[in-house]
Amino acid sequence: MAWKTLDDFDLKDKRVLIRVDVNVPVADGKVTDATRIEKIAPTIHSVLEKGGRPILLAHFDRPKGKVVPSMSLRVVVPAMEKAFGTKVVFAEDCTGSRAEEAIEQARPGEVVLLENTRFHAGEEQNDPAFARQLAELGDVYINDAFSVSHRAHASVEAITKLLPSGAGRQMEAELNALAAALGDPKRPLVAIVGGAKVSTKLDLLGNLVTKVDHLVIGGGMANTFLVAQGKQIGKSLAEPDMAETARDILARAKAANCSIHLPVDIVVAREFKANAPHEILPADDCPSDAMILDAGPQTVKELEKVFDACRTLIWNGPLGAFELEPFDRATTEAARHAAKLTQAGRLVSVAGGGDTVAALNKAGVAGDFTYISTAGGAFLEWMEGKELPGVKALDMV
C-alpha cells in the first residue's frame, strides 16, 4: 500500500481537517489518561509548522446519532491545550455555522476542536451528505486515528472521496510498523496470541497460521488447546466445545509449516486471587481441583529460544493472569526478553490490544518495543487480515 503523508501537502493557509481518536477516560469532568491526546501532538505541530490550520474531527462515547451533553468533547479541551501547548477553540457542532464561526475565530497557531461527530446519525451511517458537510470546512483531510480506521464512518471513509487525503504522523508510524510486522516482515516471524477464548480469535488464528513461522498460544486459549490434545486441565478456564476447532487449527498450522507453541509446564492454584498458594507442574499434570493461571518457567525458556531465533515479533494477549501476582511472571519475563532483543537491534517487536499494552507497561518495557499500538479493535482486525476501510481509503494505488 502507498499513502500520502503530511510531507506531500502544501498546507500554508489551508484548513486541515484531522480525524483523531480522543475517546479517553474521564472522571469528575477531567481526563484521567491523556495518552491518546498526547500522541496527536506531532501531527498538530507539523500542520502548524507548515502554516496550516488544524481542525479536529473526533467522536466521544456512543451517543448513537443524538446530542448527549454528557458526551460532549468539550471535556477534553484542557488536556488538549496542555498536550499541544496552544489554545484550543471549541465548536458547539461539527458542521454548519457554529463550526464555521469557531474556525474563523481561531487565530494563527491555534487549534479548533469540532463537537462529537457521533451526535449526527450520518457519521456511523457513512452518509455521503454528512461527509460533504464536514468536507466543506476543510481543504485537506488527514487521518491520524488508526484506532477507528476499521469503521466505515463518514469522518473516516466517505470524506476521503471529497478532499485530498493523507495520513498523520501517528497513522504513518502505525502503518509503517504494521507493514514491517506482517506486510513484509523480516523472518523468521513469531506471533503471540493470548486471551481467554479461542472463539473470539478464530479469524486471527486462521490468518496467522498461514503468515507466521511460529505461533505462541497463551492464556485461557492455551487451555482449550491442551484439552484438544487430551490433557487434563482441572477447573481451568477453557472452551471444551472448541476442542475440534483447536485441532483443526493445529492441523492447518502443520500444513502451513507453522510451529505452534503451547505451555510445556504450568502454574496452578486453587484460588483465582493474587499470591494464592501455587505450584509448578508439567502441562499434562493439572490436579482436578486446581486451575492453570500462568505458563511455567520452562515454557518461558522455550519461548526465549524462539525469540532468539526470530527477527520479528507480533504480540496480542498475555500468557497468563497477568493482573494477579505472581501469575504475571511468564508474560513479564517473556516481554523483558523481547524488549532486550529489540533494544539490541535483533528483533522488530510490535504489540497491541488493551491487555497487552497493560501487561507490557506493568513489565516496564512498553517503551522498549519497536511499536506499541493502542488501537484495540483495529489492531486485531489488521492481525486477522481484514481490510480496514479507513486505511484502504487512503491507498493511492
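Is D7 buried or exposed? D7 is exposed, with a relative accessible area of 52%; here exposed means over 50% relative accessible area, buried under 20%, and partly exposed in between (1.4 Å probe, protein chains only). Keep in mind that this is a predicted model, where local features need pLDDT of at least 70, side-chain atom pairs count only at pLDDT 80 or more, and totals for chains, interfaces and linings use all residues. Residues are numbered from 1 along each chain as its sequence is written, and side-chain values use heavy atoms, with hydrogens and water left out.

**Salt bridges**

- There are 18 salt bridges in the structure, each one a side-chain nitrogen of Lys or Arg within 4 Å of a carboxyl oxygen of Asp or Glu.
- D7 pairs up with R169, and their closest N and O atoms sit 2.9 Å apart.
- That pair ties together parts 162 residues apart in sequence, because R169 lies in helix α6 (residues 169-183) and D7 in the segment before β1 (15-19). Helices (H or I, at least four residues) and strands (E, at least two) are DSSP runs, numbered from the N terminus.
- R169 is partly exposed, at 22% relative accessibility.
- E172 joins in as well: D7, R169 and E172 are linked in a network of salt bridges.
- R15 and D139 make another bridge through their side chains, at 3.2 Å from N to O.
- R15 belongs to strand β1 and D139 to the loop between α5 (128-135) and β7 (140-143), so this pair ties together parts 124 residues apart in sequence.
- Both partners are partly exposed, R15 with a relative accessible area of 23% and D139 with 27%.
- E279 bridges to R270, with the closest N and O atoms 2.8 Å apart.
- E279 is partly exposed at 31%, and R270 is partly exposed at 40%.

**Nonpolar cores**

- In soluble globular proteins, nonpolar side chains tend to be buried together.
- A nonpolar core is a set of buried Ala, Val, Leu, Ile, Met, Phe, Trp, Tyr and Cys residues joined through side-chain atoms within 4.5 Å.
- The largest one has 43 residues, and F146, L205, L215, F225, I314 and W382 touch the most other members.
- Elements giving two or more residues to this core include α6, β9 (189-193), α7 (202-208) and α13 (377-383).
- Helix α6 supplies the largest share, six residues.
- Leaving aside neighbours within four places in sequence, L205 is in contact (heavy atoms within 4.5 Å) with V193, V198, L215, I217, M221, F225 and I249.
- Apart from that core lies another, of 30 residues, with I18, I37, F90 and L113 among them.
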